[in-house]
Amino acid sequence: MAEPIDDIAAALPAPRLDALRATLAERAAASGLLDVAYRSLETELGSLLLASTPEGLVSVTFDGDHPDATLERLAVAVSPRVLEAPARLDDAARGLARLIDGRARRFEGRLDLSLARGFGRQVIEQLQRIPYGETRSYAQVAASIGSPRAVRAVGTACRRNPLPIAIPCHRVVRSDGQLGQYVGGVEAKRRLLGLESGAARGEREAEAMPE
Amino acid sequence: MSRAPFDAIVALHGARVWRVCRALLDEPDAEDAWSDTFLAALEAYPRLAHERSIEGWLVTIAHRKAIDVLRRRARLVVGEVPERIAPQRGRDLDLARALAQLPERQREAVVLHHLGGLPFVDVALALGSSADAARRASSDGMRRLRHLMGGSDG
């Protein structure tokens, strides 16, 4: 591969690549060619990577500061037409930020569950039914989907939840009361559950108070 | 085998595609040609044959898109050329002007090889010539270009 001759290339003004890439993402979305849009989001739980398809938010991972591996996985699992397009994910980012700082109790916005298939899909659909501020054990979740012996598989499905925080896999804990694993680390799970139980308790106390 | 995320392709080759577009076009047109190039590439990307060199493919598209813009401009009746911010004077204008004065073959060979970084086999493929002919056109073009730009280099 020939290197461009320096004096020729140096005569050209440098491109405004960030602006060009933003325009490209907009044009791609308008042409229906943006299959996977992504952005990072800095939160108290760490740096998140959010990705969406035209159907909705499709992936949340805890690697916003080193996204390459996840982007490669999405290129294979969804489509290689992947572009950074923060504006397309503004609503999703706001929705997650509100959950993380306790201003919202459920994710408002469309979700694309296509990355969860088969048994995993069954599990995360069940997770969406666990109320805010409550927890279930892995065994309870297994029983609730009619597979009481699949406790370990439920654990795996929770770990593989493509949409943590938005779909509350953090509300599933061990039967012995320990927190169990979490895709974003145990500390993140503790914070989310602490936030939720505090908010839920606060509300019950407020309801109990005489007017 | 799987495809890399397209975003990584843009990050890796964005500057190369820019050089090809900007060498042939002014700034606003080059920006249009740059996104035309990557939009066309994005569309075709999932079907791209794996053995193809990505940079050769992109540079060829960029060259074609830049030529499309040039042709659109040439069709505009003189006097109806849209108003533009006065172009900044500088070496980039000298380069664009000098490139415009090269015979088409030489210009294409210089742009594809020296600015696009394509090896002569790929330049030949894009131009429909032999590799030797591409190499000759490029070196003749460079000689002419240096001569044309030599006076204003200061």
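## Exercises on a two-chain model

Of the 211 residues of chain A, 46% count as buried, where buried means under 20% relative accessible area, exposed over 50% and partly exposed in between (1.4 Å probe, protein chains only). This is a predicted model, in which local features need pLDDT of at least 70 and side-chain atom pairs count only at pLDDT 80 or more, while totals for chains, interfaces and linings use all residues. Residues are numbered from 1 along each chain as its sequence is written, chains are lettered from A and ligands numbered from 1 in the order in which they are written, and side-chain values use heavy atoms, with hydrogens and water left out.

### Exercise 1: The make-up of the chains

Find out how many helices and strands chain A has, and how many there are in chain B.

Step 1. Start with the terms: helices (H or I, at least four residues) and strands (E, at least two) are DSSP runs, numbered from the N terminus.

Step 2. Chain A has eight helices and six strands. Along its sequence they follow the pattern α-α-β-β-β-α-β-α-α-β-α-α-β-α.

Step 3. Chain B has seven helices and zero strands, so its pattern from the N terminus is α-α-α-α-α-α-α by the DSSP runs. Of its 154 residues, 49% count as buried.

Step 4. Now look at contacts, meaning heavy atoms within 4.5 Å. Among contacts with a separation of 6 or more, residues 24 or more positions apart account for 58% in chain A and for 67% in chain B.

### Exercise 2: Following strand E2 of chain A

Work out which strands pair with E2(A), and why E2(A) is described as largely enclosed.

Step 1. Two strands pair if DSSP finds at least two bridges between them.

Step 2. Strand E1 (residues 36–43) of chain A runs antiparallel to E2(A), and seven bridges join them. One bridge to look for links Tyr38(A) to its partner in E2(A), Ala51(A). E1(A) and E2(A) form a hairpin, with two residues between them.

Step 3. On to strand E3 (residues 56–61) of chain A: five bridges join E2(A) to this strand, again antiparallel. Here Ser52(A) has Leu57(A) in E3(A) as its bridge partner. Two residues link E2(A) to E3(A) in a hairpin.

Step 4. Seven of the eight residues of E2(A) (residues 46–53) are buried, so the strand is largely enclosed by the rest of the structure.

### Exercise 3: A helix residue and its contacts

Locate Ala92(A), decide whether Ala92(A) is buried or exposed, and list its contacts.

Step 1. Ala92(A) sits in helix H4 (residues 90–100) of chain A.

Step 2. Its relative accessibility is 14%, so Ala92(A) counts as buried.

Step 3. Leaving aside neighbours within four places in sequence, Ala92(A) is in contact with Leu50(A), Leu57(A) and Phe107(A).

Step 4. Ala92(A) and Ser52(A) are 40 residues apart in sequence, and their C-alpha atoms are 8.7 Å apart in space.

### Exercise 4: Where the chains meet

Step 1. Arg27(A) forms a salt bridge with Asp36(B), the closest N and O atoms being 2.9 Å apart.

Step 2. Finish with Glu31(B), which lies in helix H2 of chain B. Glu31(B) is buried, with a relative accessible area of 16%. Not counting residues up to four places away in sequence, Glu31(B) touches Arg16(A), Leu20(A) and Trp18(B).

Note on methods. Salt bridge = Lys/Arg side-chain N within 4 Å of Asp/Glu carboxyl O.
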